[in-house]
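Please look over the chain shown here. Take a moment to turn it around before reading on.

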Amino acid sequence: MIIGNLTDVDFADDIKVTAVAQNHAGIITLSVSINYGVNEVCDRCCTPFVRQYQHDKLFTVVKHIYSTDDLDDYIESPDGDLDITDITAAEIILERPAKILCNADCTGVPGFEVEIE
Ligand SMILES: [Zn+2]
């Protein structure tokens with residue numbers, strides 16, 4: 001799995017991962033729960049804060065991916081090995097919000113206009 005890296009993410013604490021693989025009559029599923037905190041800085045008011053993130057994901061493990069439909073729900077594993085570190089890093093990168101706000105109603109720094117998208 002080729003992914004970016006996590007060097008831009010300032011983790012506030014350890015990343016906690018729970019992963020359970022199950023065989024359902026030959027169909028392998030992998031349930032992953034990722035919990036971590038990140039030291040964030042609000043994009044509008046520049047206030048530092050810690051945000052907790054929780055990602056729960058269920059994958060189907062397949063030997064080969066033949067279609068790009070629903071690609072996010074499958075993990076390709078030709079030899080049956082799964083690298084939880086790569087899966088965790090990919091989920092954290094993919095789930096990073098495009099805009100970091102201390103709260104949805106943040107009006108920015110008092111006295112400055114804010115461009116709201
Ligand atoms: Zn803010």
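The report below moves from the whole chain to single residues.

## Ground rules

This is a predicted model: local features need pLDDT of at least 70, side-chain atom pairs count only at pLDDT 80 or more, and totals for chains, interfaces and linings use all residues. Residues are numbered from 1 along each chain as its sequence is written.

## The whole chain

Helices (H or I, at least four residues) and strands (E, at least two) are DSSP runs, numbered from the N terminus. Along the sequence, the pattern reads β-β-β-β-α.

The C-alpha atoms fill a box of roughly 60 × 30 × 25 Å, taken along the principal axes. The radius of gyration of the chain is 18 Å, while a compact globule of 117 residues would have one near 13 Å. That radius is taken over C-alpha atoms, and the globule rule is 2.2 Å times the number of residues to the power 0.38.

Of the 117 residues, 6% count as buried. A residue is buried if 20 or more other C-beta atoms lie within 10 Å of its own, exposed if 12 or fewer, and partly exposed in between; C-beta atoms are placed from the backbone.

## Strand pairing

Two strands pair if DSSP finds at least two bridges between them. S2 and S3 pair in the antiparallel sense, over 14 bridges. Asn39 stands opposite Val50 in S3. S3 and S4 run parallel and are joined by three bridges. Here Val62 has Glu76 in S4 as its bridge partner.

## The nonpolar core

Which residues make up the largest nonpolar core? They are Val32, Ile34, Phe59, Ile75, Ile87 and Ile92, six residues in all. Strand S2 (27-41) and helix H1 (84-94) each supply at least two residues of this core. A nonpolar core is a set of buried Ala, Val, Leu, Ile, Met, Phe, Trp, Tyr and Cys residues joined through C-beta atoms within 7 Å. In soluble globular proteins, nonpolar side chains tend to be buried together.

Val32 has contacts beyond its neighbours within four places in sequence: Val17, Ala19, Lys57, Ile87 and Glu91. Two residues are in contact if their C-beta atoms, placed from the backbone, lie within 7 Å.

## One face of the helix

The buried residues of H1 are Ile87, Glu91 and Ile92. Seen down the axis of H1, they fall within an arc of 130°, so they line one face of the helix. The arc is that of the directions from the helix axis to the C-beta atoms. What covers these buried residues includes S2, strand S3 (48-62) and strand S4 (74-76).

Phe11 lies in the segment before strand S1 (16-24). Is Phe11 partly exposed or buried? Phe11 is partly exposed, with 13 other C-beta atoms within 10 Å. Leaving aside neighbours within four places in sequence, Phe11 is in contact with Tyr36, Gly37 and Val38. Phe11 and Tyr36 are 25 residues apart along the chain, and their C-alpha atoms are separated by 7.3 Å.

## Two residues with positive phi

Ala25 sits in the loop between S1 and S2. Its phi is positive, about 55°, although Ala25 is not a glycine. Ala25 counts as exposed, with 4 C-beta neighbours inside 10 Å.

Cys46 lies in the loop between S2 and S3. In this hairpin, which has six residues between the strands, Cys46 takes a positive phi near 65°. Cys46 is exposed, with 10 other C-beta atoms within 10 Å.
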